[in-house]
Amino acid sequence: MPHRITIFDTTLRDGEQSPGCSMNLEEKVRLARQLDALGVDVIEAGFPMASEDDFRAVHAVAREIRRPVIAALARTTRDDVERAWRAIESAARPRLHTFIATSDLHMQHKLRKTRAEVLDMAVGAVRLAKSFTPDVEFSAEDATRSDIGFLCTVVQKAIEAGATTINIPDTVGYTTPTEFERIIRALRERVEGIGRAVLSVHCHNDLGLAVANSLAAVEAGARQVECTINGIGERAGNASLEELVMALYVRRDILPYTTGVATTEIYKSSQLLSSITGVHVQANKAVVGKNAFAHEAGIHQDGVLKERRTYEIMTPESVGIKTNRLVLGKHSGRHALGRKLADLGYPLSRPDLDRAYARFIEIADQKKEIFDEDLIAIVHDGMRDVPEVFRLKMLQATAGSQKPSTATVILETEGREKVACALGDGPVAAAYTAIDEITGFRGRLLDYSIRAVSRGRDAIGEVSVHVDFNGRSFTGKAASTDVVDASARAYLHAVNKGLGLARALDAAETTSALPRLSEVPDGKEDTVGGPMRVADSEGVIRLIHLV
Ligand SMILES: [Zn+2]
(Lines give C-alpha, C1' and ligand atoms only; values in the text may rest on other atoms or scores of the structure.)
Protein backbone atom coordinates (compact mmCIF):
# COMPACT_ATOMS: atom_id res chain seq x y z
CA MET A 1 0.00 0.00 0.00
CA PRO A 2 1.71 3.24 -1.10
CA HIS A 3 2.01 6.05 1.45
CA ARG A 4 0.02 9.18 0.77
CA ILE A 5 2.18 12.33 0.60
CA THR A 6 0.53 15.60 1.57
CA ILE A 7 1.18 18.28 -1.03
CA PHE A 8 1.46 21.65 0.70
CA ASP A 9 1.49 24.40 -1.91
CA THR A 10 3.10 27.69 -0.93
CA THR A 11 2.95 29.44 -4.31
CA LEU A 12 0.78 32.16 -2.77
CA ARG A 13 3.16 32.73 0.15
CA ASP A 14 6.80 31.75 -0.46
CA GLY A 15 6.28 31.84 -4.23
CA GLU A 16 4.75 35.25 -4.18
CA GLN A 17 7.85 36.56 -2.37
CA SER A 18 9.97 36.02 -5.47
CA PRO A 19 10.88 39.10 -7.47
CA GLY A 20 8.25 39.98 -10.05
CA CYS A 21 5.75 37.41 -8.77
CA SER A 22 3.55 39.59 -6.59
CA MET A 23 -0.17 39.11 -7.15
CA ASN A 24 -3.22 41.12 -6.21
CA LEU A 25 -6.23 39.73 -4.36
CA GLU A 26 -8.20 38.69 -7.45
CA GLU A 27 -5.14 37.01 -8.95
CA LYS A 28 -4.47 35.09 -5.74
CA VAL A 29 -8.05 33.88 -5.57
CA ARG A 30 -7.96 32.86 -9.23
CA LEU A 31 -4.77 30.88 -8.68
CA ALA A 32 -6.17 29.35 -5.48
CA ARG A 33 -9.17 28.05 -7.47
CA GLN A 34 -6.76 26.38 -9.87
CA LEU A 35 -4.71 24.91 -6.99
CA ASP A 36 -7.97 23.45 -5.71
CA ALA A 37 -8.67 21.93 -9.14
CA LEU A 38 -5.08 20.64 -9.20
CA GLY A 39 -5.82 18.70 -6.02
CA VAL A 40 -3.21 20.08 -3.60
CA ASP A 41 -3.94 19.19 0.03
CA VAL A 42 -2.87 22.44 1.66
CA ILE A 43 -2.78 25.98 0.27
CA GLU A 44 -0.57 28.36 2.20
CA ALA A 45 -2.40 31.52 1.23
CA GLY A 46 -0.03 34.13 2.64
CA PHE A 47 1.56 35.87 5.59
CA PRO A 48 -1.26 38.05 6.98
CA MET A 49 1.02 40.16 9.19
CA ALA A 50 3.13 41.19 6.19
CA SER A 51 0.62 43.72 4.85
CA GLU A 52 -3.01 44.69 4.68
CA ASP A 53 -3.12 43.32 1.12
CA ASP A 54 -1.80 39.97 2.26
CA PHE A 55 -4.34 39.80 5.06
CA ARG A 56 -7.22 40.51 2.71
CA ALA A 57 -6.01 37.99 0.14
CA VAL A 58 -5.64 35.21 2.74
CA HIS A 59 -9.09 36.06 4.08
CA ALA A 60 -10.63 35.92 0.61
CA VAL A 61 -9.00 32.57 -0.20
CA ALA A 62 -10.09 31.13 3.17
CA ARG A 63 -13.69 32.16 2.55
CA GLU A 64 -13.95 30.85 -0.99
CA ILE A 65 -11.79 27.73 -1.27
CA ARG A 66 -13.40 25.04 0.84
CA ARG A 67 -11.83 21.65 0.05
CA PRO A 68 -8.11 22.07 0.83
CA VAL A 69 -6.66 23.09 4.16
CA ILE A 70 -5.92 26.83 4.11
CA ALA A 71 -2.75 27.76 6.00
CA ALA A 72 -1.56 31.18 7.14
CA LEU A 73 2.00 31.92 8.21
CA ALA A 74 2.91 33.71 11.44
CA ARG A 75 6.08 34.44 13.36
CA THR A 76 6.00 33.38 17.02
CA THR A 77 4.68 36.69 18.36
CA ARG A 78 1.16 36.99 19.74
CA ASP A 79 0.24 39.71 17.21
CA ASP A 80 1.32 37.57 14.27
CA VAL A 81 -0.52 34.46 15.41
CA GLU A 82 -3.71 36.37 16.24
CA ARG A 83 -3.70 38.23 12.96
CA ALA A 84 -3.06 35.02 11.00
CA TRP A 85 -5.97 33.43 12.82
CA ARG A 86 -8.31 36.32 12.00
CA ALA A 87 -7.42 35.88 8.32
CA ILE A 88 -8.31 32.17 8.20
CA GLU A 89 -10.92 31.67 10.90
CA SER A 90 -13.69 31.45 8.30
CA ALA A 91 -11.90 28.64 6.42
CA ALA A 92 -13.51 25.22 6.30
CA ARG A 93 -10.18 23.69 7.34
CA PRO A 94 -7.85 26.35 8.79
CA ARG A 95 -4.21 25.72 9.70
CA LEU A 96 -1.94 28.06 11.63
CA HIS A 97 1.71 27.79 10.63
CA THR A 98 4.19 29.40 12.98
CA PHE A 99 7.95 29.48 12.63
CA ILE A 100 11.17 30.57 14.32
CA ALA A 101 14.80 30.08 13.39
CA THR A 102 16.74 27.42 15.27
CA SER A 103 20.26 27.73 13.82
CA ASP A 104 22.88 29.45 15.96
CA LEU A 105 23.66 31.72 13.01
CA HIS A 106 20.07 33.00 12.81
CA MET A 107 19.47 33.07 16.57
CA GLN A 108 22.62 35.09 17.29
CA HIS A 109 22.64 37.49 14.36
CA LYS A 110 19.05 37.85 13.26
CA LEU A 111 16.95 37.18 16.35
CA ARG A 112 19.57 38.04 18.98
CA LYS A 113 18.03 35.42 21.23
CA THR A 114 19.41 32.52 23.25
CA ARG A 115 18.40 28.93 22.62
CA ALA A 116 16.24 28.98 25.76
CA GLU A 117 14.42 32.11 24.60
CA VAL A 118 13.78 30.64 21.15
CA LEU A 119 12.48 27.45 22.69
CA ASP A 120 10.06 29.45 24.89
CA MET A 121 8.85 31.48 21.93
CA ALA A 122 8.25 28.39 19.83
CA VAL A 123 6.29 26.65 22.58
CA GLY A 124 4.30 29.82 23.39
CA ALA A 125 3.31 30.36 19.77
CA VAL A 126 2.27 26.75 19.23
CA ARG A 127 0.16 26.84 22.41
CA LEU A 128 -1.49 30.09 21.37
CA ALA A 129 -2.17 28.75 17.87
CA LYS A 130 -3.57 25.56 19.38
CA SER A 131 -6.08 27.63 21.38
CA PHE A 132 -7.54 28.74 18.01
CA THR A 133 -7.38 25.57 15.91
CA PRO A 134 -6.37 21.92 16.33
CA ASP A 135 -4.36 22.06 13.07
CA VAL A 136 -1.02 23.69 13.92
CA GLU A 137 2.21 23.50 11.96
CA PHE A 138 5.56 24.48 13.40
CA SER A 139 8.65 25.23 11.28
CA ALA A 140 12.22 25.37 12.57
CA GLU A 141 13.64 27.92 10.16
CA ASP A 142 17.15 27.13 8.87
CA ALA A 143 16.75 23.64 10.34
CA THR A 144 19.44 22.14 8.11
CA ARG A 145 22.08 24.43 9.65
CA SER A 146 20.81 23.95 13.20
CA ASP A 147 22.48 21.90 15.92
CA ILE A 148 20.74 18.54 15.63
CA GLY A 149 20.43 18.14 19.42
CA PHE A 150 18.75 21.54 19.79
CA LEU A 151 16.56 20.89 16.74
CA CYS A 152 15.33 17.64 18.33
CA THR A 153 14.53 19.48 21.58
CA VAL A 154 12.58 22.24 19.82
CA VAL A 155 10.64 19.73 17.72
CA GLN A 156 9.80 17.60 20.76
CA LYS A 157 8.58 20.63 22.76
CA ALA A 158 6.54 21.87 19.79
CA ILE A 159 4.81 18.50 19.54
CA GLU A 160 4.17 18.49 23.29
CA ALA A 161 2.65 21.98 22.94
CA GLY A 162 0.26 20.66 20.29
CA ALA A 163 1.91 20.97 16.85
CA THR A 164 0.40 18.40 14.48
CA THR A 165 2.80 19.05 11.60
CA ILE A 166 6.54 19.59 12.07
CA ASN A 167 8.22 21.23 9.13
CA ILE A 168 11.97 20.98 8.54
CA PRO A 169 12.95 23.73 6.10
CA ASP A 170 16.18 23.87 4.18
CA THR A 171 15.71 27.62 4.19
CA VAL A 172 18.83 28.52 2.25
CA GLY A 173 19.02 25.51 -0.07
CA TYR A 174 22.19 24.25 1.59
CA THR A 175 21.68 20.57 2.28
CA THR A 176 22.25 17.55 0.04
CA PRO A 177 20.07 14.46 -0.36
CA THR A 178 22.16 12.15 1.82
CA GLU A 179 22.64 14.74 4.56
CA PHE A 180 18.94 15.63 4.58
CA GLU A 181 17.97 11.99 4.77
CA ARG A 182 20.22 11.66 7.85
CA ILE A 183 18.58 14.69 9.51
CA ILE A 184 15.06 13.33 8.96
CA ARG A 185 16.07 9.88 10.22
CA ALA A 186 17.74 11.43 13.30
CA LEU A 187 14.56 13.32 14.16
CA ARG A 188 12.48 10.18 13.81
CA GLU A 189 14.86 8.22 16.05
CA ARG A 190 15.56 10.83 18.69
CA VAL A 191 12.34 12.83 19.18
CA GLU A 192 9.87 11.27 21.59
CA GLY A 193 6.34 11.32 20.26
CA ILE A 194 7.45 12.20 16.72
CA GLY A 195 4.77 9.81 15.45
CA ARG A 196 2.06 12.17 16.75
CA ALA A 197 2.98 14.78 14.13
CA VAL A 198 3.34 14.68 10.35
CA LEU A 199 6.93 15.34 9.31
CA SER A 200 7.18 17.92 6.54
CA VAL A 201 10.01 19.38 4.46
CA HIS A 202 10.41 22.72 2.70
CA CYS A 203 13.40 22.86 0.38
CA HIS A 204 14.92 25.79 -1.46
CA ASN A 205 16.72 25.45 -4.73
CA ASP A 206 19.91 27.47 -4.30
CA LEU A 207 22.02 24.53 -5.43
CA GLY A 208 19.36 23.08 -7.71
CA LEU A 209 18.72 20.27 -5.20
CA ALA A 210 15.29 21.21 -3.82
CA VAL A 211 13.38 18.37 -5.48
CA ALA A 212 16.12 15.79 -4.90
CA ASN A 213 16.33 16.79 -1.23
CA SER A 214 12.55 16.61 -0.84
CA LEU A 215 12.45 13.12 -2.35
CA ALA A 216 15.29 11.97 -0.08
CA ALA A 217 13.30 13.25 2.91
CA VAL A 218 10.21 11.38 1.75
CA GLU A 219 12.22 8.18 1.59
CA ALA A 220 13.45 8.89 5.12
CA GLY A 221 9.89 9.25 6.43
CA ALA A 222 8.64 12.78 5.64
CA ARG A 223 4.97 12.70 4.67
CA GLN A 224 4.33 16.31 3.69
CA VAL A 225 6.25 18.23 1.03
CA GLU A 226 6.08 21.98 0.62
CA CYS A 227 6.43 23.22 -2.92
CA THR A 228 5.36 25.80 -5.49
CA ILE A 229 4.09 25.88 -9.05
CA ASN A 230 6.98 26.44 -11.49
CA GLY A 231 9.30 26.28 -8.45
CA ILE A 232 8.94 30.02 -7.79
CA GLY A 233 10.04 31.36 -4.42
CA GLU A 234 12.71 33.28 -2.58
CA ARG A 235 16.00 33.56 -4.55
CA ALA A 236 16.41 30.40 -6.66
CA GLY A 237 12.94 29.27 -5.62
CA ASN A 238 11.31 26.33 -3.87
CA ALA A 239 10.95 22.69 -4.79
CA SER A 240 8.79 22.63 -7.88
CA LEU A 241 5.41 20.95 -7.42
CA GLU A 242 5.26 19.57 -10.94
CA GLU A 243 8.71 17.97 -10.72
CA LEU A 244 8.02 16.39 -7.34
CA VAL A 245 4.62 15.05 -8.29
CA MET A 246 5.77 13.69 -11.64
CA ALA A 247 8.88 12.10 -10.11
CA LEU A 248 6.64 10.25 -7.65
CA TYR A 249 4.24 9.33 -10.44
CA VAL A 250 6.72 8.27 -13.12
CA ARG A 251 8.91 6.34 -10.67
CA ARG A 252 6.12 4.74 -8.67
CA ASP A 253 7.90 1.45 -9.42
CA ILE A 254 10.59 2.36 -6.87
CA LEU A 255 8.89 5.17 -4.93
CA PRO A 256 5.80 3.72 -3.21
CA TYR A 257 4.05 7.03 -2.61
CA THR A 258 0.94 8.70 -3.99
CA THR A 259 -0.40 12.25 -4.00
CA GLY A 260 -3.86 13.69 -4.51
CA VAL A 261 -2.68 15.82 -7.45
CA ALA A 262 -4.55 15.55 -10.74
CA THR A 263 -1.47 15.54 -12.98
CA THR A 264 -3.51 16.58 -16.02
CA GLU A 265 -4.05 19.98 -14.32
CA ILE A 266 -0.31 20.63 -14.00
CA TYR A 267 0.32 22.42 -17.29
CA LYS A 268 -2.71 24.64 -16.92
CA SER A 269 -1.63 25.62 -13.38
CA SER A 270 1.84 26.47 -14.65
CA GLN A 271 0.43 28.54 -17.52
CA LEU A 272 -2.01 30.37 -15.30
CA LEU A 273 0.75 31.34 -12.87
CA SER A 274 2.98 32.56 -15.73
CA SER A 275 0.10 34.45 -17.20
CA ILE A 276 -0.72 36.20 -13.92
CA THR A 277 2.85 37.11 -13.01
CA GLY A 278 4.30 37.57 -16.49
CA VAL A 279 7.21 35.37 -15.37
CA HIS A 280 7.59 32.48 -17.79
CA VAL A 281 9.55 29.28 -17.17
CA GLN A 282 12.67 28.61 -19.18
CA ALA A 283 12.29 26.44 -22.29
CA ASN A 284 14.18 23.50 -20.79
CA LYS A 285 12.29 23.54 -17.47
CA ALA A 286 11.39 19.97 -16.48
CA VAL A 287 7.76 18.92 -17.04
CA VAL A 288 6.30 22.30 -18.07
CA GLY A 289 8.99 23.97 -20.22
CA LYS A 290 8.33 24.61 -23.89
CA ASN A 291 10.96 22.00 -24.84
CA ALA A 292 10.11 19.44 -22.15
CA PHE A 293 8.49 17.22 -24.77
CA ALA A 294 10.23 18.47 -27.92
CA HIS A 295 12.39 15.96 -29.73
CA GLU A 296 14.90 17.75 -31.90
CA ALA A 297 17.62 15.28 -32.84
CA GLY A 298 16.73 13.21 -35.89
CA ILE A 299 17.56 9.95 -34.16
CA HIS A 300 15.26 10.88 -31.26
CA GLN A 301 12.43 11.89 -33.59
CA ASP A 302 12.78 8.64 -35.44
CA GLY A 303 12.67 6.68 -32.18
CA VAL A 304 9.60 8.52 -30.88
CA LEU A 305 7.75 8.00 -34.15
CA LYS A 306 8.41 4.27 -33.94
CA GLU A 307 7.65 3.97 -30.22
CA ARG A 308 7.09 6.99 -27.94
CA ARG A 309 8.59 5.31 -24.90
CA THR A 310 12.05 5.21 -26.53
CA TYR A 311 12.64 8.83 -25.53
CA GLU A 312 9.56 9.78 -23.48
CA ILE A 313 9.32 8.77 -19.83
CA MET A 314 5.92 10.47 -19.53
CA THR A 315 3.46 11.78 -22.08
CA PRO A 316 2.61 15.44 -22.57
CA GLU A 317 -1.05 14.45 -22.10
CA SER A 318 -0.28 13.13 -18.61
CA VAL A 319 0.52 16.69 -17.47
CA GLY A 320 -2.33 18.20 -19.43
CA ILE A 321 -0.51 19.39 -22.55
CA LYS A 322 -2.85 19.11 -25.51
CA THR A 323 -0.98 18.39 -28.71
CA ASN A 324 -3.77 18.52 -31.26
CA ARG A 325 -3.73 21.52 -33.58
CA LEU A 326 -6.56 23.96 -33.82
CA VAL A 327 -8.67 24.03 -36.93
CA LEU A 328 -10.69 27.08 -36.03
CA GLY A 329 -10.63 29.95 -38.51
CA LYS A 330 -12.23 33.33 -38.89
CA HIS A 331 -15.53 31.74 -39.85
CA SER A 332 -15.75 29.62 -36.73
CA GLY A 333 -18.63 30.55 -34.50
CA ARG A 334 -18.81 31.44 -30.86
CA HIS A 335 -20.05 27.96 -30.03
CA ALA A 336 -17.07 26.25 -31.69
CA LEU A 337 -14.69 28.60 -29.91
CA GLY A 338 -16.41 27.90 -26.59
CA ARG A 339 -16.13 24.15 -27.13
CA LYS A 340 -12.48 24.36 -28.13
CA LEU A 341 -11.60 26.52 -25.13
CA ALA A 342 -13.42 24.17 -22.76
CA ASP A 343 -11.39 21.38 -24.35
CA LEU A 344 -8.19 23.29 -23.57
CA GLY A 345 -9.33 23.56 -19.96
CA TYR A 346 -10.98 26.98 -20.07
CA PRO A 347 -14.75 26.66 -19.67
CA LEU A 348 -15.77 30.32 -19.97
CA SER A 349 -18.82 32.12 -18.66
CA ARG A 350 -20.98 33.84 -21.28
CA PRO A 351 -19.49 37.35 -20.79
CA ASP A 352 -15.93 35.98 -20.83
CA LEU A 353 -16.69 33.97 -23.96
CA ASP A 354 -18.18 37.04 -25.64
CA ARG A 355 -15.05 38.95 -24.90
CA ALA A 356 -12.72 36.15 -26.00
CA TYR A 357 -14.75 35.78 -29.17
CA ALA A 358 -14.43 39.46 -30.02
CA ARG A 359 -10.63 39.20 -29.62
CA PHE A 360 -10.60 35.94 -31.57
CA ILE A 361 -12.33 37.54 -34.56
CA GLU A 362 -9.95 40.50 -34.50
CA ILE A 363 -6.96 38.19 -34.43
CA ALA A 364 -8.36 35.76 -37.01
CA ASP A 365 -8.55 38.72 -39.37
CA GLN A 366 -4.82 39.30 -39.01
CA LYS A 367 -3.50 35.78 -38.70
CA LYS A 368 -3.97 32.74 -40.92
CA GLU A 369 -3.17 29.90 -38.54
CA ILE A 370 -4.41 30.05 -34.99
CA PHE A 371 -2.63 27.70 -32.61
CA ASP A 372 -3.73 26.52 -29.18
CA GLU A 373 -1.16 28.83 -27.59
CA ASP A 374 -2.76 31.77 -29.40
CA LEU A 375 -6.16 30.82 -28.03
CA ILE A 376 -4.83 30.56 -24.50
CA ALA A 377 -3.26 34.02 -24.87
CA ILE A 378 -6.61 35.34 -26.10
CA VAL A 379 -8.38 33.90 -23.05
CA HIS A 380 -5.87 35.38 -20.64
CA ASP A 381 -5.99 38.67 -22.49
CA GLY A 382 -9.75 38.61 -22.12
CA MET A 383 -9.64 37.91 -18.39
CA ARG A 384 -10.17 41.28 -16.86
CA ASP A 385 -9.65 41.08 -13.15
CA VAL A 386 -10.30 44.78 -12.64
CA PRO A 387 -12.88 47.19 -14.03
CA GLU A 388 -11.56 48.96 -17.10
CA VAL A 389 -11.70 52.56 -16.00
CA PHE A 390 -9.67 53.40 -19.10
CA ARG A 391 -10.02 51.44 -22.30
CA LEU A 392 -7.86 51.81 -25.40
CA LYS A 393 -9.99 53.10 -28.23
CA MET A 394 -7.32 53.96 -30.80
CA LEU A 395 -3.56 53.95 -31.06
CA GLN A 396 -1.41 55.24 -33.88
CA ALA A 397 2.36 55.24 -33.53
CA THR A 398 5.36 55.84 -35.75
CA ALA A 399 8.68 54.08 -35.44
CA GLY A 400 11.92 53.89 -37.35
CA SER A 401 15.51 55.02 -37.40
CA GLN A 402 14.49 58.67 -37.25
CA LYS A 403 13.92 59.74 -33.63
CA PRO A 404 11.81 60.62 -31.83
CA SER A 405 8.82 58.34 -32.35
CA THR A 406 5.32 59.67 -31.96
CA ALA A 407 2.13 58.15 -30.63
CA THR A 408 -1.46 59.30 -30.63
CA VAL A 409 -3.74 57.59 -28.16
CA ILE A 410 -7.49 57.77 -27.62
CA LEU A 411 -8.79 56.32 -24.36
CA GLU A 412 -12.39 55.85 -23.41
CA THR A 413 -13.38 56.56 -19.84
CA GLU A 414 -16.82 56.94 -18.31
CA GLY A 415 -18.36 57.16 -21.75
CA ARG A 416 -16.06 59.94 -22.95
CA GLU A 417 -13.07 59.88 -25.23
CA LYS A 418 -9.79 61.56 -24.36
CA VAL A 419 -6.95 62.03 -26.76
CA ALA A 420 -3.23 62.73 -26.28
CA CYS A 421 -0.13 62.82 -28.48
CA ALA A 422 3.41 62.32 -27.22
CA LEU A 423 6.99 61.82 -28.33
CA GLY A 424 9.32 59.09 -27.15
CA ASP A 425 12.50 57.14 -27.82
CA GLY A 426 10.37 54.50 -29.45
CA PRO A 427 6.69 53.90 -30.17
CA VAL A 428 6.08 52.13 -26.85
CA ALA A 429 7.66 54.92 -24.80
CA ALA A 430 5.66 57.49 -26.78
CA ALA A 431 2.42 55.56 -26.28
CA TYR A 432 3.05 55.25 -22.52
CA THR A 433 3.69 58.98 -22.19
CA ALA A 434 0.48 59.73 -24.09
CA ILE A 435 -1.45 57.36 -21.79
CA ASP A 436 0.06 59.06 -18.73
CA GLU A 437 -1.04 62.40 -20.09
CA ILE A 438 -4.63 61.25 -20.22
CA THR A 439 -4.85 59.21 -17.03
CA GLY A 440 -2.84 61.55 -14.85
CA PHE A 441 -0.91 58.57 -13.45
CA ARG A 442 2.77 58.64 -14.09
CA GLY A 443 3.97 55.09 -14.02
CA ARG A 444 7.56 53.99 -13.75
CA LEU A 445 8.22 50.92 -15.84
CA LEU A 446 10.03 48.36 -13.68
CA ASP A 447 9.94 45.48 -16.09
CA TYR A 448 8.80 44.92 -19.65
CA SER A 449 8.86 41.66 -21.53
CA ILE A 450 7.48 40.49 -24.80
CA ARG A 451 7.28 37.01 -26.24
CA ALA A 452 5.81 35.38 -29.29
CA VAL A 453 3.24 32.89 -28.03
CA SER A 454 3.38 30.76 -31.17
CA ARG A 455 5.45 30.62 -34.34
CA GLY A 456 5.52 32.54 -37.61
CA ARG A 457 5.85 36.21 -38.52
CA ASP A 458 2.22 36.79 -37.67
CA ALA A 459 2.58 35.27 -34.19
CA ILE A 460 0.71 36.91 -31.35
CA GLY A 461 2.97 38.99 -29.14
CA GLU A 462 2.24 38.82 -25.44
CA VAL A 463 3.47 41.78 -23.39
CA SER A 464 3.91 41.71 -19.61
CA VAL A 465 4.74 44.82 -17.63
CA HIS A 466 5.44 45.71 -14.03
CA VAL A 467 4.67 49.33 -13.35
CA ASP A 468 5.29 51.35 -10.21
CA PHE A 469 2.74 53.97 -9.24
CA ASN A 470 3.50 55.92 -6.08
CA GLY A 471 5.73 53.16 -4.71
CA ARG A 472 3.36 50.27 -5.42
CA SER A 473 3.91 47.86 -8.22
CA PHE A 474 1.23 46.47 -10.52
CA THR A 475 1.44 43.90 -13.28
CA GLY A 476 -0.26 44.24 -16.62
CA LYS A 477 -0.63 41.91 -19.54
CA ALA A 478 -2.07 41.93 -23.05
CA ALA A 479 -1.75 40.02 -26.30
CA SER A 480 -2.04 41.18 -29.89
CA THR A 481 -0.55 40.63 -33.33
CA ASP A 482 0.59 44.27 -33.02
CA VAL A 483 3.19 44.59 -30.28
CA VAL A 484 2.72 48.34 -29.77
CA ASP A 485 -1.01 47.78 -29.28
CA ALA A 486 -0.28 44.91 -26.84
CA SER A 487 2.24 47.11 -25.00
CA ALA A 488 -0.27 49.94 -24.60
CA ARG A 489 -3.03 47.64 -23.39
CA ALA A 490 -0.71 45.82 -20.95
CA TYR A 491 0.23 49.20 -19.48
CA LEU A 492 -3.42 50.21 -19.22
CA HIS A 493 -4.16 46.93 -17.49
CA ALA A 494 -1.64 47.92 -14.78
CA VAL A 495 -3.10 51.45 -14.60
CA ASN A 496 -6.60 50.04 -14.13
CA LYS A 497 -5.33 47.78 -11.37
CA GLY A 498 -3.81 50.77 -9.59
CA LEU A 499 -7.09 52.63 -9.85
CA GLY A 500 -9.03 49.57 -8.71
CA LEU A 501 -6.90 49.31 -5.58
CA ALA A 502 -7.19 53.03 -4.86
CA ARG A 503 -10.96 52.79 -5.05
CA ALA A 504 -11.11 49.64 -2.93
CA LEU A 505 -8.99 51.28 -0.27
CA ASP A 506 -11.09 54.40 -0.31
CA ALA A 507 -14.27 52.37 -0.11
CA ALA A 508 -12.98 50.32 2.79
CA GLU A 509 -11.76 53.46 4.58
CA THR A 510 -9.06 51.26 5.93
CA THR A 511 -6.51 52.42 8.43
CA SER A 512 -3.92 50.54 6.46
CA ALA A 513 -0.37 51.79 6.32
CA LEU A 514 -0.51 51.53 2.56
CA PRO A 515 -0.31 54.84 0.75
CA ARG A 516 -3.78 55.81 -0.32
CA LEU A 517 -3.68 57.10 -3.82
CA SER A 518 -6.14 59.84 -2.92
CA GLU A 519 -3.59 61.18 -0.45
CA VAL A 520 -1.12 62.02 -3.16
CA PRO A 521 -0.97 65.80 -3.21
CA ASP A 522 -2.35 67.63 -6.18
CA GLY A 523 0.13 68.46 -8.89
CA LYS A 524 3.01 66.62 -7.24
CA GLU A 525 5.98 66.38 -9.56
CA ASP A 526 7.90 63.18 -9.96
CA THR A 527 11.42 62.81 -11.26
CA VAL A 528 10.36 62.68 -14.87
CA GLY A 529 8.45 65.91 -14.51
CA GLY A 530 4.92 66.73 -15.46
CA PRO A 531 1.84 66.92 -13.32
CA MET A 532 0.60 63.92 -11.45
CA ARG A 533 -2.98 63.60 -10.49
CA VAL A 534 -4.80 60.51 -9.45
CA ALA A 535 -7.98 60.82 -7.48
CA ASP A 536 -9.85 63.40 -5.44
CA SER A 537 -11.04 62.83 -1.88
CA GLU A 538 -13.99 60.73 -3.07
CA GLY A 539 -11.63 58.54 -5.03
CA VAL A 540 -13.09 59.87 -8.26
CA ILE A 541 -10.56 60.24 -11.00
CA ARG A 542 -10.14 63.73 -12.37
CA LEU A 543 -8.42 64.07 -15.68
CA ILE A 544 -6.16 66.85 -16.69
CA HIS A 545 -3.76 67.38 -19.54
CA LEU A 546 -6.28 66.63 -22.22
CA VAL A 547 -5.17 67.47 -25.67
ZN1 LIG B 1 10.87 29.15 2.00
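# From a surface patch to a zinc site

V483 counts as partly exposed, at 38% relative accessibility. In this account, buried means under 20% relative accessible area, exposed means over 50%, and partly exposed lies in between (1.4 Å probe, protein chains only). The model is predicted: local features need pLDDT of at least 70 and side-chain atom pairs count only at pLDDT 80 or more, whereas totals for chains, interfaces and linings use all residues. Residues are numbered from 1 along each chain as its sequence is written, and side-chain values use heavy atoms, with hydrogens and water left out.

The place of V483 is in helix α16, which spans residues 483-508. Helices (H or I, at least four residues) and strands (E, at least two) are DSSP runs, numbered from the N terminus. Together with L445, Y448 and I450, V483 makes a nonpolar surface patch of about 310 Å². Strand β14 (residues 444-452) contributes the largest share of this patch, namely 3 residues. Such patches are made of residues with over 30% relative accessible area and no salt bridge, with nonpolar side chains (Val, Leu, Ile, Met, Phe, Trp, Tyr) joined within 5 Å and like charges within 9 Å. The areas come from the Shrake-Rupley method with a 1.4 Å probe, and for residues only the protein chains shown count as cover.

In one of them, the rings of F441 and F469 have centres 5.0 Å apart and planes at 65 degrees, so the pair is edge-to-face. F441 lies in the loop between α15 (427-439) and β14, and F469 lies in strand β15 (residues 461-469), so this pair ties together parts that are 28 residues apart in sequence. By the rule used here, rings of Phe, Tyr and Trp (its six-membered ring) pair if their centres lie within 6.5 Å; planes under 30 degrees apart count as stacked, over 60 as edge-to-face and the rest as tilted. F441, F469 and Y491 form one aromatic cluster with Y432 and F474.

The account now turns to charged side chains. The model holds 40 salt bridges, each defined as a side-chain nitrogen of Lys or Arg within 4 Å of a carboxyl oxygen of Asp or Glu. One of them joins R78 and E82, at 2.9 Å from N to O. Both residues lie in helix α3 (residues 78-88), 4 residues apart, which is about one turn of the helix. R78 counts as exposed because its relative accessibility is 52%, while E82, at 25%, counts as partly exposed. Another salt bridge brings together D104 and R115, at 3.1 Å from N to O. This pair links distant parts of the chain: D104 is in helix α4 (residues 104-111) and R115 is in helix α5 (residues 115-132), 11 residues apart. D104 is partly exposed, with a relative accessible area of 31%, and R115 is also partly exposed, at 34%. R308 forms a salt bridge with E317, their closest N and O atoms being 3.2 Å apart. The relative accessible area of R308 is 36%, so R308 is partly exposed; E317 is partly exposed as well, at 34%. Salt bridges can also join into a network, as with E52, D53, R56 and R83.

The protein donors of the zinc ion are D14 (OD), H202 (NE2) and H204 (NE2), lying 1.9 to 2.1 Å from the ion. Along the chain, these donors follow the spacing D-x187-H-x1-H. D14 lies in the loop between β2 (6-9) and α1 (25-38), and H202 lies in strand β8 (residues 198-203), so that distant parts of the chain, 188 residues apart, are linked. D14 counts as buried, at 3% relative accessibility, and so does H202, at 6%. Donors are N, O and S atoms within 2.8 Å of the metal (3.2 Å for Na, K and Ca); water is not among the atoms, so sites may look incomplete.
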